[in-house]
Amino acid sequence: MFRLPAGTYFQSYRQAHSFWPTRFMAFRMIFLLIVLFAVVPFTFSNYALSIANRIGYTILAAMGVQLLIGFTGQLTLGHAAFVAVGAYVSAIFTLTAADNASFSPFWGFLTQTGMAYPLSILLACLIAGLWSVLFGLPSARVKGFGIILTTMAAQFITVDFVIAQYVSQIGGRGHYFSIPPGSLKIGGWALTGDRDAYFLMLILVTGVTVAMINWKRTRPGRAWIAIRDNDIAAEILGVDIVRYKLLAYFAAGMLAGLAGSFWITSLFFVSPEHFVWSNSLWWVGVILIGGVGAVDGTIFGAIFLELMLVLVNSFAVANILFLYFKDIAFGLAVILFLLYEPNGLSYRWWQVKNYFYLWPFSYK
Amino acid sequence: MELLLQLLVSGILVGSIYALVALGWTLIYKSSGVLNLAMGELTLVGAYVCLSLYNNWGVPFPVAVLGSLVMGAILGLLVERLVLRPLIGKPVLTVIMVTVGLSFLLRGLVGLIWGTDTVVFDPPVFPAEPIRIGPLIISPVFLGGFVASLILLAFFVWFFQGTRWGLAMQATADDQMAALSLGVSAKLVYAIAWAIAFMAAGVGGIFLGSINGLNISVGHLGLLVLPAVVLGGLNSVPGAIAGGLIIGVLQNLTGGYLDGFIPGGIKDIFPLAFMAVILLFKPYGLWGWVKIERV
């Protein structure tokens, strides 16, 4: 919870419940949105925008992890599986038949429909959500480490087996699903460059962030937090824990599907290698560095880790060992944050904000 | 019938290596409650140390294995002291993720030091010629792994049940508070558990790596201990050994029988899928302690 600036008091419940309690906060956020929507895309280079897209993708994907781990307390190490489901569903339904479509061994008649991209996003969310619920079912009986292993199983079964061996054969494109530029359109708006993807990313990230903040204040959100804090006590108080756990898996799967179907706008082709296990671990690292349970923490963590990646990349560019520097940097970042700042970046941000809110009376 | 027998035997031989690594995992969990996800990378480190000693320094193979054991013990002590000890008593997520961070760090370091190419023991330690026992064909690598795993398993079980330090570990696992009040040093126990885990994983890695050559992906084989320990029950030493053997056998049976029907590497994912189903029916594994939770 934030502290209010010195001299600000609530006089009604309406004020206390409002999204931005003070005019200054509203002004600040609207200013930020104006900068992000109107200034950044027209002043930054394409390279910077592509980095912004990566950050946005990481935020979208990590929000699902945040929902499962930070809100519901269900540890997950297989989120990349559901992102992959989203990306593949969206790609399969959006693309039209390939030139050599005469060879199409699996369900070729169902797919290759050339569905509108926004519709395919919805479908991707739905299917990824259901797939996530399937692997969330064991959470009715096991917790903690068992759940971790089930989600790991989801990762390897989905990506390394079902997608790599079977889904990739749909349409006879070989291992990769190449996405020709201009094949993703929203109405008449063709998503061709980094700038178009940037706008879509910003809309999605804003929507998801608002949804996440508000979910915390709804009935399911409070049920999730109750389950996270003490599931037995929650059950005694009448929270249907199985239902709400599965709902959390569904919501997280939907966010993953959204992330996956957004990410194909920035890819030239979809391949199982985009969704390997280390991506799942990377996203858990994002929420740990940002702060577990904090929505803004997801954003800070994503920015921190992706910028760290850019930094490592610039040192080790054109070096085959880049991959290992990346691993080392990530491992060190996670270990050091857990040892020295277990509350994450969002806690630091909270302290900084409070310092200025309460200034000059900064005693508590 | 011969195929079945062949698959069973090679399953048990590979399973014994898994059992050894799983034992290391269980010791850590039993004594300190840490769920270690860095096991795959621990196998890599041990295997690469042994390989460098053998290939580059020309040390005889048994001495190289011994060297890798010593190195494993040192690394285990270091990791416990620097990374895990400050996190005693922290939430599960923190401790698990610190081992994930550790696994990334170790994998990166291994990649930096030893590169990405697949390397083999040169000159070969085990003859390529298979041993024939009746209808069975057994590769000497598997047999060597089996014998070494049996020796180490026996040694660790003896250590755990017969020595003063092993008894201290059992006491800590049973009731940490009581053990502390009787003068058992929990720090020592944790350190020993990590050293043993590194040593066991390293030896497992040496033999897993000499089957098809050693590269980063051998670390994924090390991950197969997780189904094994879940199957056996997280905190049971005999359970870990049995779980390792069962996973090895299952993996070989699915590779032999199911692969024809569902092609595409079902061998690698079947242990995980099997474990997910087992968890639904026996959440505490076959021999794990059933935990009764209260508010």
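**Notebook: core, interface and a helix pair**

I started with the largest nonpolar core of this predicted model. I found 212 residues in it, and those with the most contacts inside it are L60(A), L255(A), A197(B), A200(B) and V225(B).

I then picked out L255(A) and looked up its contacts, leaving aside neighbours within four places in sequence. I noted L60(A), M63(A), G64(A), L67(A) and V208(A).

On to where the chains touch. I have 36 residues of chain B in contact with 40 residues of chain A. On the chain B side, helix 4 (92-114), helix 10 (225-232) and helix 12 (266-281) each supply at least two residues. Helix 4 of chain B brings the largest share, 16 residues. Sorting that side by class, I get 28 nonpolar, six polar and two charged residues.

Last, I looked at a helix pair within chain A. Helix 4 (residues 79-94) packs against helix 5 (residues 117-136) at an angle of about 145°, and I have their axes 8 Å apart. I logged the crossing of these two chain A helices as right-handed. From helix 4 of chain A, the residues that meet helix 5 include F82(A), G86(A) and F93(A); among those on the helix 5 side are Y117(A), A124(A) and W131(A).

Notes
Residues are numbered from 1 along each chain as its sequence is written. Chains are lettered from A and ligands numbered from 1 in the order in which they are written. This is a predicted model: local features need pLDDT of at least 70, side-chain atom pairs count only at pLDDT 80 or more; totals for chains, interfaces and linings use all residues. A nonpolar core is a set of buried Ala, Val, Leu, Ile, Met, Phe, Trp, Tyr and Cys residues joined through C-beta atoms within 7 Å. A residue is buried if 20 or more other C-beta atoms lie within 10 Å of its own, exposed if 12 or fewer, and partly exposed in between; C-beta atoms are placed from the backbone. Two residues are in contact if their C-beta atoms, placed from the backbone, lie within 7 Å. Helices (H or I, at least four residues) and strands (E, at least two) are DSSP runs, numbered from the N terminus. Ala, Val, Leu, Ile, Met, Phe, Trp, Tyr, Cys and Pro count as nonpolar, Asp, Glu, Lys and Arg as charged, and the others, Gly among them, as polar. Axes are lines fitted to C-alpha atoms, for helices over the stretch in contact, and angles run from 0 to 180 degrees between N-to-C directions. A crossing is left-handed if the near helix is turned anticlockwise from the far one by less than a right angle, and right-handed if clockwise.
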